[in-house]
Amino acid sequence: MYQHVEAVTDVKQINRAAIGIFLCNFLTMEISIVGLLAVVFAADLATATVPMLTLVQHGVGTKMMTVVKKGYAYLGYAALITLFIPFVIHAIGTKGKEI
């Protein structure tokens, strides 16, 4: 999506981007560590063919799985709004020349 970015004009922008990248990477790593801890509570995940499916069906906090079900639905809506619709609008606007 390089066509959606602008040139850097200030050192403050670089610093802000570096801090944002650091925070995103940090949060992503923390979330994956918490996800790996699920194996401690559900031993079936270590040998499952599709661990995420096993986690959703029988995993940690089965009362919370509605949370996963609803979360994935909202994630789909978010992807539709932030990825698919802008892509289609851009493709229509450029008549497919920049895809």
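Analyst: A residue is buried under 20% relative accessible area, exposed over 50% and partly exposed in between, judged with a 1.4 Å probe and protein chains only. Residues are numbered from 1 along each chain as its sequence is written, and side-chain values use heavy atoms, with hydrogens and water left out.

User: How confident is the prediction for the protein, and where is confidence lowest and highest?

Analyst: The mean pLDDT is 79, and 78% of the residues reach 70 or more. Confidence is lowest in helix α3 (residues 51-58), with a mean of 72, and highest in α1, with 84.

User: What makes the pattern of the protein α-α-α-α?

Analyst: Helices are DSSP runs of H or I with at least four residues, strands are runs of E with at least two, and both are numbered from the N terminus. By that rule the protein has four helices and zero strands, which reads along the sequence as α-α-α-α.

User: Why does Phe22 count as exposed but Phe26 as partly exposed?

Analyst: Phe22 has 54% relative accessibility, which is over 50%, and is therefore exposed. Phe26, at 43%, falls between the cut-offs of 20% and 50% and is therefore partly exposed.

User: How many aromatic pairs are there, and what makes Phe22 and Phe26 a stacked one?

Analyst: Rings of Phe, Tyr and Trp (its six-membered ring) pair if their centres lie within 6.5 Å, and the planes count as stacked under 30 degrees, edge-to-face over 60 and tilted for the rest. The count comes to two aromatic pairs.

User: Which residues make the nonpolar surface patch?

Analyst: The patch of about 600 Å² is made by Leu80, Ile81, Leu83, Phe84, Ile85 and Ile89. Leu83, which lies in helix α4, is exposed, with a relative accessible area of 53%.

User: How do you know whether Thr82 and Thr94 are buried or exposed?

Analyst: Thr82 has 55% relative accessibility, over the 50% cut-off, and therefore counts as exposed. Thr94 has a relative accessible area of 19%, under the 20% cut-off, and is therefore buried. Thr82 lies in helix α4, whereas Thr94 is found in the segment after α4. Buried residues make up 9% of the 99 residues in the protein.

User: Which backbone oxygens do the side chains of Thr82 and Thr94 reach?

Analyst: The side chain of Thr82 reaches the backbone oxygen of Ala78 at 2.7 Å, and the side chain of Thr94 reaches that of His90 at 2.9 Å.

Terms used:
This is a predicted model: local features need pLDDT of at least 70, side-chain atom pairs count only at pLDDT 80 or more; totals for chains, interfaces and linings use all residues. Patches are made of residues with over 30% relative accessible area and no salt bridge: like charges are joined within 9 Å, nonpolar side chains (Val, Leu, Ile, Met, Phe, Trp, Tyr) within 5 Å. Accessible areas come from the Shrake-Rupley method with a 1.4 Å probe; for residues, only the protein chains shown count as cover. A salt bridge is a side-chain nitrogen of Lys or Arg within 4 Å of a carboxyl oxygen of Asp or Glu. A polar contact is a pair of N or O atoms within 3.5 Å; within protein, one must be able to donate a hydrogen and the other to accept it, and residues adjacent in sequence count only if both atoms are side-chain atoms. pLDDT is the predictor's confidence in each residue, from 0 to 100.
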